[in-house]
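Hi everyone, thanks for coming. Let's walk through this one together, and please have the sequence and the model open as I talk.

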Amino acid sequence: MKLSPRHKTIATATMAVIIVAVLYIYASEDPESSRWFPRCFFHELTGLQCPSCGNQRALHALLHGHPCAALANNLFLIVMIPIAAATAITTLLPYNALSLKIKSTVISRRGLMIFVALYFAWWIIRNIAGI
Amino acid sequence: MKYYFIDQQGNQSAAPVDETLLTAYGVTPKTFVWCEGMTDWKQADSIPSLAIYFTDKAPLPTVEPPVGTGRHAPSYNSAVKPDSYLWLGILTTILCCLPFGIVSIVYASKVDSLWFAGYHDEARANSEKAKNWGIAAFVTSLVVGFIYICILISAGNL
């Protein structure tokens, strides 16, 4: 799936439109009071929290300028937001020697392994500590 | 010297082109080119003997695409590092709360290090797995969401 520059532009523009639409929906509606938002099926089945539980409420809080309320919904955002931003930026860079160097510096294999370990640690800790 | 090149659609030129005509075919300093004797594809600006063709600002002649069956050049894929599809793994992990996204990230993390260590085939294999697990995570969450809505409707809650 090697995209030509033109198709990459179209794909990026489509993604941008979807992201803006999603941000608009989460800013105008509160996921907690509306049943139209998708539920975490792990939480529905087990009653336990998954590592991403609270992200929808956190996004709503963030869009209303309440970063502390967002973190109260899911503390793991401290890790997820930076890694999502780094991934987005390095994905959008054009393919050349410089961008390859930036990418391997910003996102290393060790860094990703640490993220995976933290993900599972957070999954356990939040259910024991009830956060 | 005659060079094969990779056009803007990502396809290898069918036949080698004389270096004096490369720019006329739309070759830029960042285009990957290959000629007899080179071990792998390189960007044109990394080949010193081609530098003189990229300083000339004169209007370019129009030429027909080269014809022929160029079967001697190494596969173009060997020049370009496979995508790690990390964005897919990260996105599905953050949004879908499914373990499949994590599997995708694990494979994605191996792509670059394998590639730069010279294990190109292994890097490509890991790239494929990262893509497939990422898509699996995405599709699974869509299916689960669809089932959830079906249950809501059948229960008369909508």
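**Where the two chains meet**

Between chain A and chain B, three residue pairs are in polar contact, with both residues at pLDDT 80 or more. By polar contact I mean a pair of N or O atoms within 3.5 Å; within protein, one must be able to donate a hydrogen and the other to accept it, and residues adjacent in sequence count only if both atoms are side-chain atoms.

Quick housekeeping before I go on. This is a predicted model, so local features need pLDDT of at least 70 and side-chain atom pairs count only at pLDDT 80 or more, while totals for chains, interfaces and linings use all residues. Residues are numbered from 1 along each chain as its sequence is written, chains are lettered from A and ligands numbered from 1 in the order in which they are written, and side-chain values use heavy atoms, leaving out hydrogens and water.

Okay, back to the interface.

H7(A) gives the most, with seven residues. Helices here are DSSP runs of H or I with at least four residues, strands are runs of E with at least two, and both are numbered from the N terminus.

Sorted by class, that side of chain A has 19 nonpolar, five polar and six charged residues. For the classes, Ala, Val, Leu, Ile, Met, Phe, Trp, Tyr, Cys and Pro count as nonpolar, Asp, Glu, Lys and Arg as charged, and the others, Gly among them, as polar.

In total, 30 residues of chain A are in contact with 28 residues of chain B, contact meaning heavy atoms within 4.5 Å. The two chains bury about 2800 Å² between them, and 74% of that is on carbon and sulfur atoms. Buried area is the accessible area (1.4 Å probe) that two parts lose on being put together, summed over both.

**A helix with two sides**

Now look at H6(A). Which of its residues are buried? Ser99(A), Leu100(A) and Lys103(A) are. Buried means under 20% relative accessible area, exposed means over 50%, and partly exposed is in between (1.4 Å probe, protein chains only). Those three cover an arc of only 105° around the axis, so they sit on the same side of H6(A); the arc is that of the directions from the helix axis to the C-beta atoms. On the other side, Ala97(A), Leu98(A), Lys101(A) and Thr105(A) are exposed. The buried residues of H6(A) pack against H5 of chain A together with helix H2 (99–116) of chain B.

**Over to chain B**

Chain B has three helices and four strands, and along the sequence they run β-β-β-β-α-α-α. Of its 158 residues, 40% count as buried.

Tyr85(B) lies in the loop between strand E4 (42–43) and H1 of chain B. Tyr85(B) has a positive phi of about 55° although it is not a glycine, and at 5% relative accessibility it counts as buried. Then there's Thr92(B), in helix H1 (residues 86–96) of chain B. Thr92(B) is buried, at 2% relative accessible area, and its side chain reaches the backbone oxygen of Gly89(B) at 3.1 Å.

**Salt bridges**

Over all chains, the count comes to five salt bridges. I'll show you three of them.

- In chain A, Arg39(A) pairs with Glu44(A), the closest N and O atoms being 3.5 Å apart. Arg39(A) is partly exposed at 44%, and Glu44(A) is partly exposed at 43%.
- In chain B, Asp45(B) meets Lys30(B) at 2.9 Å, N to O. This pair links distant parts of the chain, 15 residues apart. Asp45(B) is partly exposed at 40%, as is Lys30(B) at 48%.
- Arg124(B) meets Asp121(B), also in a salt bridge, at 2.9 Å, N to O. Both lie in helix H3 (residues 120–154) of chain B, three residues apart, about one turn of the helix. Arg124(B) is partly exposed at 26%, whereas Asp121(B) is exposed at 55%.

Definitions and conventions
A salt bridge is a side-chain nitrogen of Lys or Arg within 4 Å of a carboxyl oxygen of Asp or Glu.
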